[in-house]
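Subject: Structure for your review

Dear colleague,

Please find below the sequence and structure that I am handing over to you. My notes on what was found follow directly after.

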Amino acid sequence: MKRLVALVALVVFSFSVFTFSVSAENESGITVNAESGVLMDVQTGQVLYAFNEDKQLYPASVTKIMPLLLFMEALDEGRISLTDVVTASPDAASKGGSQIWLKEGEQMTVDELLRATAIASANDACTALGEHIAGSEEAFVKMMNDRARSLGMKNTNFVNCSGLDDDTTEHLTTAYDVALMSCELLRHEKITDYTTVWMDSLRDGETELVNTNRLVRFYEGTTGLKTGTTSKAGHCLSASAERDELHLVAVVMGAKNSTDRFEGAKAMLNWGFANYESAAPEIDLSALTQVRVLKGTDAYVEPQLPRVDSLTLKKGEKQALETKITLCENVEAPVEENQTVGKVELLLGEKTVAEYKLTAKNAVGRINILLMAERIIKSLTKACE
């Protein structure tokens with residue numbers, strides 16, 4: 001019997017060592033103990049690392065990234081203001097889970113409710129803000145789903161704005177979709193005024209707000225973003241950070257404990273910052289020539305490169321970039337200002353990593369009969385001289 005027990009113990013030990021080795025030596029050397037994960041570049045939406053990224057899972061309070069996006073868009077569009085006073089409805093006041101214990105009829109400003117939602121993940125505050133924008137939570141959830149579809153979040157369905165999932169099996173999303181909405185939210189720079197706060201308070205200091213994202217305090221460059229935990233979802237996190245103009249978001253879904261989600265996000269972010277950089281491409285436009293305009297009031301139009309965005313490249317790749325310029329042989333009038341007349345491609349070997357439009361610097365009208373006749377006469381006159 002002792003020999004049998006020893007043999008079983010040896011087999012179990014060997015299996016555990018083998019399992020650890022597989023986990024430690026996965027692609028890119030990143031270990032994330034969770035159901036799924038994604039590392040995405042905020043500026044470009046480029047996926048730098050992912051596993052099970054399209055697996056539908058419960059997101060818990062990571063859900064609130066979408067409400068926060070809708071709140072910021074409403075602020076930017078002037079539909080609400082930070083000083084608006086919101087009155088808590090019975091529905092908002094009755095929300096369970098993380099909360100600031102709103103009472104029915106209690107009034108707070110949009111700014112206060114935003115702080116409660118972004119910092120402390122308060123379900124009652126989030127619901128009150130959603131009702132303020134849409135009239136009811138049901139109408140607000142429709143807005144959330146509509147916005148998700150517009151962002152290309154193909155595997156997401158929201159049932160509420162809080163992420164509570166005790167009474168639903170349909171409140172689902174994916175790590176990839178969470179990364180998409182996280183990147184969109186981070187394009188609103190004002191949001192980091194809330195998501196980077198470690199501690200705050202409401203009600204003249206009576207209600208303490210402590211950020212559920214401990215990376216805010218302990219990880220260099222953290223810009224947010226949102227945690228989530230339920231028994232169905234496990235421990236989830238969308239963590240964003242910026243260093244040297246490289247802004248990344250790491251999404252962890254379905255971790256077994258809080259440590260695993262934070263360590264998994266840190267592992268992805270560390271790997272991203274160690275291996276990638278934000279690079280401003282240097283494009284030599286000295287080879288650009290004018291484009292002939294057929295039947296135009298001007299014979300040529302000047303091409304221009306209106307905008308060049310920075311790229312996210314593996315470190316060392318910038319030096320290997322090659323530029324390929326393609327111009328139209330001619331264009332027919334009328335030519336509109338900023339009309340496309342060519343393109344610039346940035347290549348790494350045979351792979352196109354970026355493409356930019358070359359556009360007309362100015363408009364060119366179409367020649368009429370009188371102007372054409374005038375040109376013919378001038379041409380004949382010069383020929384006779």
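Please bear in mind throughout that this is a predicted model.

I begin with E245. With a relative accessibility of 63%, E245 counts as exposed, because the cut-off for that class is over 50%. In the chain, E245 sits in the loop that connects strand 8 (234-243) with strand 9 (246-255). E245 is also one of the residues of a negative surface patch, whose other members are E189, E220, E242 and D244.

Salt bridges

The structure contains 17 salt bridges.

E35 is partly exposed, at a relative accessible area of 33%. K55 is likewise partly exposed, at 36%.

The next pair is E137 with K95, and their side chains meet in a salt bridge at 2.9 Å, N to O. Because E137 is in helix 6 (residues 137-150) and K95 is in the loop between helix 3 (90-93) and strand 4 (107-109), this pair ties together parts that are 42 residues apart in sequence. Both E137 and K95 are buried.

D146 is partly exposed, with a relative accessible area of 29%, whereas R149 counts as exposed at 56% relative accessibility.

Finally, a network of salt bridges links E73, R147, E184 and R187.

Helix 4

Helix 4 spans residues 110-120 and is mostly covered, with 9 of its 11 residues buried. Among the buried residues are V110, L113, L114, R115 and I119. The buried set also includes A116, T117, A118 and A120. S121, which comes just after helix 4, adopts a positive phi of about 60 degrees.

An open sheet and a neighbouring loop

Three strands make up an open sheet with mixed pairing, in the order 12-11-16. At its edges are strand 12 (300-301) and strand 16 (330-332), each of which pairs on one side only. In general, the strands of a sheet pair through backbone hydrogen bonds, in either a parallel or an antiparallel manner. Here, strand 11 (residues 291-294) and strand 16 run parallel and are joined by 3 bridges. Within this pairing, L294 stands opposite E332 of strand 16.

The C-alpha atoms of L294 and R366 are separated by 8.5 Å, although the two residues are 72 residues apart along the chain. R366 is located in the loop between strand 18 (351-360) and helix 11 (369-384). At 40% relative accessibility, R366 counts as partly exposed.

With kind regards

Key:
Residues numbered from 1 in each chain as written. Predicted model: local features only at pLDDT ≥ 70, side-chain atom pairs only at ≥ 80, totals over all residues. Heavy atoms only, no water. Patch = residues over 30% accessible without salt bridge, like charges linked within 9 Å, V, L, I, M, F, W, Y side chains within 5 Å. Areas by Shrake-Rupley, 256 points an atom, 1.4 Å probe, with all protein chains shown as cover. Salt bridge = Lys/Arg side-chain N within 4 Å of Asp/Glu carboxyl O. Lys, Arg positive; Asp, Glu negative; His and termini not counted. Charge placed at Lys NZ, Arg CZ, Asp CG, Glu CD. Helix = DSSP H or I, 4+ residues; strand = E, 2+ residues; numbered from the N terminus. Buried < 20%, exposed > 50% of the residue type's maximum accessible area, 1.4 Å probe, protein only. Pairing = 2+ DSSP bridges.
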